[in-house]
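Subject: Structure handover

Hello,

Here is the structure for your files.

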Amino acid sequence: MRNQQFRKVYKAMKNNKRKISAEEKLYVATQWQLMRRKFKKHKLAILGGTTLVIFYILAIFCGFFSPQGIYKQHSGYIYAPPQRIHFFDEEGFHLRPFVYGLERKIDTITFRKIYIEDKTRKLPIYFFVRGDKYKLWNLYSTDIHFFGVKDGPIFLFGADKLGRDLFSRNLHAARISLSIGLVGVAISFILGCIIGGISGYFGGMADMVTQRVIEFLICIPTIPLWMSLSAALPKKWPPTKIYFGIVIILSIVGWCGLARVVRGKLLELREEDFVMAAKICGATSGRIITRHLLPAFLSYLIVNVTLAIPNMILGETSLSFLGLGMRAPAVSWGVLLQDAQNVRTLALHPWLLIPGLCVIITILAFNFLGDGLRDAADPYKL
Amino acid sequence: MIKKSGMPLLEVKNLKKYFPVEKGFWRKTVGYVKAVDKVNLYINEGETLGVVGESGCGKTTLGRCILRAIEPTEGSILFRLNGDMIDITKLDRESLRATRRYTQMIFQDPYSSLDSRMTVLDIVGEPLLVNNLATGRKMEERVKDLVKVVGLNVKHLKRYPHAFSGGQRQRIGIARALASNPKFIVADEPVSALDVSVQAQTLNLLQDLQVEFKLTYLFISHDLSVIEHISDRVAIMYVGKVVELAKTEEFFLNPLHPYSEALLSALPKPDPRLRMKRIILSGEVANPVNPPSGCYFHPRCKYAEEICKKEEPGWKEVNPDHFVACHFAKELSLKGVI
Amino acid sequence: MLFYVIRRLLYMIIILFLLSVVAFIIIQLPPGDYVSAYVAEMQSMRGERLAEEEIIALRKVYGVDRPMYVQYSKWLWKLSHGNFGMSLQLQRPVIDLIAERLPLTVLICILATIFTYAVGMPIGIYSAIRQYSIGDYFSTVFGFIGLAVPNFLLALILMFLFYKYFGFSIGGLFSLQYMDASWSAGKFIDMFKHLPIPVIVIGTPGAAALIRTMRGCLLDELRKQYVITARAKGLEERTLLFKYPVRVAINPIISTIGWTLPWLISGGTITSIVLGLPTTGPLLFEALLKQDMELAGSILMILSFLTVIGTFISDILLVLLDPRIRYEKSAV
Amino acid sequence: MDFENKTILNNKNITLLQVKNLKVYFYLEEGILKAVDDVSFDIGRKKVLGIVGESGCGKSVTAQSILRIVPHPGRTVEGEILLHQNGNLVDLARLNPSGREIRAIRGKEIAMIFQEPMTSLSPIHTIGNQIMEAVLLHRDISQSEARELTLEMLYKVGISNPHQRIDEYSYQLSGGLRQRAMIAMALSCNPSLLIADEPTTALDVTVQAQILELMKELQREFGMSIIYITHNLGVIAEISDEVLVMYLGKAIEHANIDEIFHNPLHPYTIGLLKSIPKVGKKARTRLEAIKGIVPPPLDLPRGCRFYQRCREAKEGICNVDNPSLIEVTKGHRVSCFLYK
């Protein structure tokens, strides 16, 4: 027992010796380097961050990554189930993955259409194939897709009631759902910083009024408020206008939380001795704000922004799901989920819930990331 | 070390700092905390004035008001600059900024007083930079000199504060205070957060620097033994007021205010052979929001009489250079330290 | 204390006034006004075409030709007399429609709150005390997932699972035979059979959030000196935990009941729409789809006011529970 | 061992607590922090033992380990803590830290008061509630008797209006009164040992004097032993009979109060005494400071832990081996190679 203890101590001491040059590195490490060190220890946050990067890349290049056009109706594949990707067939392993073709049959008992895999039709998956024409970012017209099969469509997430490919639709939906979070937070962030900054920096009457306004806005349940406001958006508006309308509606409440954070942190920092020291040195307010205050609370802002994004995404999804937000022909995860409202349809075609899964994964990822960032935000706390 | 009693470098006249007490929904002002109340002081060039008092007596606020780090409510602060006495309280923003380089501060908390996101070079160089005293190479050279002067390793300029211990951080703070070549430094409890052995090093450093750079200190502390060690004259504060101001030796041998006597008696002496009956004050420091009538000290004073409850004692010079605010300063004969 | 309650009540009146402004704005938001909507309705539903003079007369009757603030003060005056206006679409007084649905909304809300706290607090306490244990790990995972699954998705998923594996639909609050029946013991029991699913759906995100806050708060408290004092007294660990840190940690959590209420009502609204519960949620939804803004605005106002009342109650509770705050408030 | 124990038992009227080779380590991510490393001392009945040292020297952890309340991730790795209790010897180090035996000792036999009187009392329970709890826990008396006793204790610690104070909360009291309430709580079960961990550090000088005076008085009245932990040499001189000087987890000198102040042996003790400014000494002289800084406790040098800062350090001796605590003259123990 004692021996073991001793060995442990010895090992720790030896490690310490080796760490000395690393220690100097630590001493001259900037705030961001320290934060990165701390963040890297947070496995879940890394996982969340990676997931988000992948999601956003898929969303940005959604046209390229979708195998089919999102409005193209494949009349022979109405409610086709997701196809499985195979590597093995009766001949054994194939390096090139393939799917089997789908054959439509009528169930003899329920008289419903069902699809079964047609083992005789092997459709190998190719990369960089030519398919439906699309415009990347509305600029470059092309027909190169990341993957696809040579003849006929491929339905990784199944098809909807019009025979449209849900995988492609999900990718395009991600573009709206994911960006709405960012744009909404950007607007809230600007509002929150300005209002919270004024409130925290000037104090007094300005502070009191903004605090009361925030308290009041927080009292109103968000979903009913959002619903009421978005119902007032004119039906005739084109999708882009609706998009920004919704962003603004979501930001009406969104800025409150950020303004509180900004104000609280500002009040706290204003009292710190190092700010007083800079003032006594003769530093101007501008220098104090840019050199001392901002760097100190930038990290906190990033954390809070990260944690505010999921709320925005959820808001849009809920509104669109109810038919009060984005509307077809625009696609967002909420719009796609509209098709899943009916339990009977859902029971037969559970893949209609996949957009929901995307929402959950995104929000989880943002929460994990935010959690990790929060731990790393103050690298000087031991 | 004998010092000629020079001309006053700084004179504080009738200084007041009242903090409003706000209550309720509309943040109405319901009263004032008189953190600094009608304080009169002067500090001669090259000397150290020690300010002692218990927690909440307003000594830190006094220090900050003198530098106008917080705005005083009333009174004037005369500072001698290039032969003229200028009133710091009347300066506009730009000229105040221009005088800032001559007055500096050393803080109590070595942790929160350094911006943890800046390197030693940036921290110590900041006063040089903002006062346009030096930039770039020149600044780095100057910072190197300063860092050497306070006894830190020149190689550590690129390090961040988290790499240093409390005592070392305090040295960085001192180097920063010295950077702009100030004449006057407010040292606000610079050693009370430090360990005993480090405390002594820091005190020695401050003394050496005073000689080397011809500095004048306002040294704030709650520890009488530190104050006696470092100051030429002492000011005793009680609930926002200075109750006694005297030369250090005179004060320790012959205090004139009952509060000073009790403070001296309460000080634990690091010698078991000196255990003695002390004067134990009853109660605790009065609440500055709601101070007692008359002399604030009267509820705890064993010499108090009727007049102490009614009348606030005036500020008078009882002996040459020995000021006190007590009705019975002349009558009482109080005990100092042996 | 009494003074504090009175002040809080006054504050509530101000909030109520502000809420009415918001409601009025929402009512006025859609293009056109009540009369033009009415005219359009008449035209499309009954094929009647109103003459220009008739429309002007109507505008006069409804006062929509007056400036906004006059309209508002008139509306507010009616409001203060309990007249919330008429539902254009259902041709019934708004107040009746809301009164029908409000009790169930409140009931579900209260039950969801109870569920939230009954689930969140014990799990939160457990995972703080057994930090880094398997149980803590599980509750953390539950906390994250509970937060990430939006109400309506949870409702959808549960509906789907129940339908798929048990073959019945879980929507609604009443079985068919009770749907339009008047209140009876049978209907009551039937309702309670249907309640658990919506309560769980509405309460889960809150419970998940509560687990995380409770754990955080308690972990903070456990490090405090007074816990060590109590231990040094010789107190048994369990007694100690519940008497000191847990009680101190609960205080801020009670005070945030007020904050969770807007959440709960939000979640309740959307869940009710998905599950088809006879609460104010679907009513609001219908009203909005039909642009029946008079009804929608009133519902929004009443729902918001519910949260204000909830906040008020939790503030009073906190004052009763925490002597520190009681002391501060009574000193004012 | 057996023989030794017998002698201790025979001396039961003299010795109250014996700490032998105590080691308390903290298992941190960065390594093992030896907060207390092989510390031995004993304390007699009705004696006041002062433990001095700078921050991080392990004085508080030593005290906590006696009550077995060392916070996670600290662990008592080795050593004995022998308490003489009605003629029995109990080794506290062997007891289960949350078991019944140690709980019966905490608060009853050994009580403790802390530095921060504000945070040491629960903010949401009345003072009376917290004191009565201790009384009811260890004494077989009724609620009303406990309340009576609490009132009496509050009165004894100099709280002038106990009937009002007993139902007040800690934030309603001033710092001094809070510390008095803590003392009342600690002494309510008449413990034989009181551990005071920097009880006056957070207080003002005048209040510190009040509390010190009170503790001396109460010690005379109740006859308990006190372990008084502080970094303030003035306070130590004021109250202790014996002093233990600690440095980086080691006990480096142990002697009676007069010896420590007038005949210190260890270079650290000497340096410490010289480095504090003394009132009455001619002002504006230079202090003799100890050079350097306390090395980080996770990366301790070989040999004597004071080696780098010591004036008397001898290379080849002091930086090779760790000196052990040896008795130089009767009752004066020191760990330094100068006195081998």
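To begin with a charge-ring contact: R212(C) places its charged end over the ring of F144(C), at 4.4 Å from the ring centre. Please keep in mind that this is a predicted model. A second case of this kind is in chain A, where the charged end of K265(A) lies over the ring of Y300(A), 3.8 Å from the centre of that ring.

Next, the aromatic pairs. Over all chains, the structure holds 20 of them. One is formed by F251(B) and F252(B), with the ring centres 5.3 Å apart and 85° between the planes, an edge-to-face arrangement. F251(B) has a relative accessibility of 0% and so counts as buried. F252(B) is also buried, because its relative accessible area of 2% falls under the 20% cut-off.

Another edge-to-face pair is F17(C) with Y72(C), at 6.5 Å centre to centre and 70° between the planes.

The interface I looked at is the one between chain D and chain B. There, 48 residues of chain D are in contact with 50 residues of chain B. The area buried between the two chains is about 4,200 Å², and carbon and sulfur atoms give 52% of that area.

As for specific contacts, two salt bridges are counted between chain D and chain B. One of them links R286(D) to D208(B), whose closest N and O atoms are 2.5 Å apart. The count of residue pairs in polar contact between chain D and chain B is 14, with both residues at pLDDT 80 or more.

Which elements of chain D give two or more residues to the side that touches chain B? They are α8 (175-187), α9 (205-222), α10 (233-239), α11 (257-262) and α12 (267-275) of chain D. The largest share of that side comes from α9(D), which gives eight residues.

Regards

Definitions and conventions: Residues numbered from 1 in each chain as written. Chains lettered and ligands numbered in written order. Predicted model: local features only at pLDDT ≥ 70, side-chain atom pairs only at ≥ 80, totals over all residues. Heavy atoms only, no water. Phe/Tyr/Trp six-rings, centres within 6.5 Å; stacked < 30°, edge-to-face > 60°. Buried < 20%, exposed > 50% of the residue type's maximum accessible area, 1.4 Å probe, protein only. Lys NZ or Arg CZ within 6 Å of the ring centre and 35° of its normal. Contact = heavy atoms within 4.5 Å. Buried area = accessible area lost by both parts, 1.4 Å probe. Salt bridge = Lys/Arg side-chain N within 4 Å of Asp/Glu carboxyl O. Polar contact = N/O pair within 3.5 Å; in protein donor to acceptor, adjacent residues only side chain to side chain. Helix = DSSP H or I, 4+ residues; strand = E, 2+ residues; numbered from the N terminus.
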